[in-house]
Amino acid sequence: MPDISSKKISKNLASLLAILFTDACVSPKKKQSWRIYFVNSSETLIQLFQDCMVRVFGIDKERVRMSISHDGFYRAVVNSKEIGNSLVGRFGTFRTLKYENGELPNAKLPIDQLIASNAVHEFLKVAFSCDGGLCFYPAY
């Protein structure tokens with residue numbers, strides 16, 4: 001598995017991070033592994049997730065299990081101790097929702113690394129594709 005511990009963030013890693021910080025999750029699986037899980041209504045974004053996992057971590061495409069949920073959403077799942085440890089070890093938690101007790105998670109975007117790697121554009125493009133977009137209109 002490729003080492004993602006360097007400070008450099010490739011465009012593929014920037015895209016993957018945008019997906020993970022918006023609509024995906026990296027969750028412990030039986031305390032011995034990790035589940036990297038992405039559900040979306042866009043088949044294109046699911047394919048991007050698969051492509052980024054393959055390119056960033058050098059895994060076979062078949063390791064990304066693809067399916068359609070009962071409610072018509074596309075789903076992609078990777079179970080991997082190494083990939084989960086690598087992601088969480090470098091970037092911390094990807095949880096962005098408050099905990100039930102109202103406490104905020106300790107998620108931190110790698111802004112300085114994205115800027116230094118000239119990958120901000122890629123990160124924002126994918127993040128806005130996952131979680132909406134910008135509207136520019138004249139204010140009256």
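This is a predicted model: local features need pLDDT of at least 70, side-chain atom pairs count only at pLDDT 80 or more; totals for chains, interfaces and linings use all residues.
Residues are numbered from 1 along each chain as its sequence is written. Local features need pLDDT of at least 70 and side-chain atom pairs count only at pLDDT 80 or more, totals for chains, interfaces and linings use all residues, and side-chain values rest on heavy atoms, with hydrogens and water left out.

Helices (H or I, at least four residues) and strands (E, at least two) are DSSP runs, numbered from the N terminus, and two strands pair if DSSP finds at least two bridges between them. Strand β1 (residues 24–29) runs antiparallel to β2, to which six bridges join it. In this pairing K29 stands opposite S33 of β2. The two strands form a hairpin with three residues between them, and K30 in the turn has a positive phi of about 55°. β2 also pairs with strand β4 (residues 74–79), again in the antiparallel sense and over six bridges; here N40 lies opposite Y74 in β4. Strand β3 (residues 65–68) is joined to β4 by four bridges, and these strands run antiparallel, with M66 opposite A76. β3 and β4 form a hairpin with five residues between them, where G72 in the turn shows a positive phi of about 90°.

Turning to the helices, two packed helices are described by the angle between their axes and the distance between the axes. Axes are lines fitted to C-alpha atoms, for helices over the stretch in contact, and angles run from 0 to 180 degrees between N-to-C directions. α1 and helix α5 (residues 120–131) pack at an angle of about 30°, their axes being 8 Å apart. On the α1 side, the contact (heavy atoms within 4.5 Å) involves K11, A14, S15, L17, A18, I19, F21 and T22, which meet E122, F123, V126, A127, C130 and D131 in α5. These residues divide into nine nonpolar, two polar and three charged (Ala, Val, Leu, Ile, Met, Phe, Trp, Tyr, Cys and Pro count as nonpolar, Asp, Glu, Lys and Arg as charged, and the others, Gly among them, as polar).

Rings of Phe, Tyr and Trp (its six-membered ring) pair if their centres lie within 6.5 Å, with planes under 30 degrees apart counted as stacked, over 60 as edge-to-face and the rest as tilted. The count by this rule is three aromatic pairs. The ring centres of F21 and F94 are 4.8 Å apart and their planes stand at 55°, so this pair is tilted. It links distant parts of the chain, 73 residues apart: F21 belongs to helix α1 (residues 11–22), and F94 to the loop between α3 (81–91) and α4 (111–116). F21 is buried (under 20% relative accessible area; exposed is over 50%, partly exposed in between, with a 1.4 Å probe and protein chains only), at 8%, and F94 is buried at 5%. The rings of F38 and F49 have centres 5.5 Å apart and planes at 40°, so they too are tilted. F38 lies in strand β2 (residues 33–40) and F49 in helix α2 (residues 43–57), 11 residues apart, and both are buried. Ring pairs also link F21, F91 and F94 into a cluster.

Finally, N118 sits in the loop between α4 and α5. Its phi is near 55°, a positive value in a residue other than glycine. N118 counts as exposed, at 66% relative accessibility.
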